[in-house]
Amino acid sequence: MRRKSVWILLAILAVLLAVWAVSCSRSGKGGPKGGGEGEAESRMPEGREVDGAAQKAPGEGGGETEPDRLAGGGTGTLTYAVKETQQEYRADDGTPIFRAKLSWPAFDGDGEGIEEINRFFESWAQGKLAEYADAQNSTRQAALEVYRESRNSSWTGPWGESYGVEAVQTHGDYVSVLMTSFLEDGGAPGLPCREGHLFRLTDGQPVGICEMTGKNQEEWDRLLRERFSAAIREGDRALYYENALETLRTYDMRNAGCYLTETGIVFYLEPYEIAPYATGYVEVSVSYEDAGA
């Protein structure tokens with residue numbers, strides 16, 4: 001009799017496990033869904049679909065139109081929080097193919113300048129999401145196409161791109177925001193990138209370094225070529241390409257990025273411009289006095 005009761009209990013447990021497995025499969029938590037050829041994307045049932053992307057529901061690390069406020073920081077007389085949203089894109093068989101994470105600053109305070117800067121970054125975030133939604137030329141679409149071709153052989157997992165707020169600094173009537181991103185495409189070592197934004201606080205308009213300092217572009221070209229060339233000559237030459245100095249002679253210094261610090265302006269060249277990836281960003285600093293700011 002006892003043995004019969006045990007078998008009945010085991011049968012009930014088996015039924016419960018089967019029901020749980022079906023439930024997980026329908027919710028997308030129990031592994032890839034069956035069917036499909038990877039030619040389209042499907043949404044995650046746990047989130048809200050936006051053009052094929054699953055956006056986390058409020059309270060799950062992201063939001064629909066007002067992402068959660070995270071711990072931010074302050075600089076000078078400005079304080080800011082960091083907004084964030086995350087999205088995951090899947091192939092039609094349920095396999096995650098691309099994950100995007102966006103973070104951007106939200107400045108506290110009133111006034112035309114602050115409001116305009118905040119509008120700029122809200123538009124920036126929406127623009128990034130629109131890029132991912134592009135079915136022709138987006139990084140997300142590239143990941144999907146690679147998955148279609150290699151999922152049965154060399155697919156190494158979902159691609160991902162994340163944007164973060166690296167540094168915020170004020171100087172006089174200006175504020176700079178340095179954004180950093182990192183793209184992982186299943187290979188090594190991934191691709192870093194920076195976006196430097198400089199704003200005038202009075203009206204929140206983006207400005208260039210010439211407007212902030214009063215130096216014209218010719219003056220900046222000459223100064224930056226001198227500073228970058230000196231960094232190569234005085235540093236470890238093995239860190240740079242052999243033709244780095246020659247490249248600098250004709251390099252368009254308008255392509256050099258910059259951001260503000262407490263003591264001056266840092267200018268940088270991206271990896272592969274005059275040095276290999278392992279060297280990282282090549283940076284030089286110009287004091288505010290030398291910059292005329």
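Visitor: How far apart are the end C-alpha atoms of residues 257-289?
Guide: In this predicted model, they lie 19 Å apart. The span is 6% helix and 48% strand.

Visitor: What does UniProt list for residues 257-289?
Guide: The UniProt record, an unreviewed entry, gives "domain: DUF3298" for residues 257-289.

Visitor: Aromatics next. How many aromatic pairs does the structure hold?
Guide: There are 13 aromatic pairs in the structure. One of them joins W220 and F267, with 5.0 Å centre to centre and 45° between the planes, a tilted arrangement.

Visitor: What parts does the pair of W220 and F267 tie together?
Guide: W220 belongs to helix α5 (residues 217-234) and F267 to strand β11 (residues 264-269), so the pair links parts 47 residues apart in sequence.

Visitor: Are W220 and F267 buried or exposed?
Guide: Both W220 and F267 are buried.

Visitor: Which residues do ring pairs link into a cluster?
Guide: The cluster consists of Y89, F98 and Y132, linked by ring pairs.

Visitor: Now packing. Which residues touch the most other members in the largest nonpolar core?
Guide: That core has 29 residues, and I97, F98, F107, F121 and Y132 touch the most other members. The elements giving two or more residues to the core are β5 (78-91), β6 (96-107), α2 (112-133), α3 (139-150), β7 (159-171) and β8 (174-184).

Visitor: Which element gives the largest share of this core?
Guide: Helix α2 does, with seven residues.

Visitor: What does F121 touch?
Guide: Not counting residues up to four places away in sequence, F121 touches W104, P105, V177, M179, H197 and F199.

Visitor: What other core lies apart from the largest one?
Guide: Another core, of 28 residues, lies apart from it; its members include M212, L224, L248 and M253.

Visitor: Switching to R200. Where does R200 lie?
Guide: R200 is in strand β9 (residues 191-200).

Visitor: And what joins the side chains of R200 and D203?
Guide: A polar contact of 2.8 Å joins the side chains of R200 and D203.

Visitor: Which residues is R200 in contact with, leaving aside neighbours within four places in sequence?
Guide: With those neighbours set aside, R200 is in contact with D173, Y174, Q205, V207 and E211.

Methods. Residues are numbered from 1 along each chain as its sequence is written. This is a predicted model: local features need pLDDT of at least 70, side-chain atom pairs count only at pLDDT 80 or more; totals for chains, interfaces and linings use all residues. Side-chain values use heavy atoms; hydrogens and water are left out. UniProt positions are given in the numbering used here, feature names are shortened, and annotations may be inferred rather than shown by experiment. Helices (H or I, at least four residues) and strands (E, at least two) are DSSP runs, numbered from the N terminus. Rings of Phe, Tyr and Trp (its six-membered ring) pair if their centres lie within 6.5 Å; planes under 30 degrees apart count as stacked, over 60 as edge-to-face and the rest as tilted. Buried means under 20% relative accessible area, exposed over 50%, partly exposed in between (1.4 Å probe, protein chains only). A nonpolar core is a set of buried Ala, Val, Leu, Ile, Met, Phe, Trp, Tyr and Cys residues joined through side-chain atoms within 4.5 Å. Contact means heavy atoms within 4.5 Å. A polar contact is a pair of N or O atoms within 3.5 Å; within protein, one must be able to donate a hydrogen and the other to accept it, and residues adjacent in sequence count only if both atoms are side-chain atoms.
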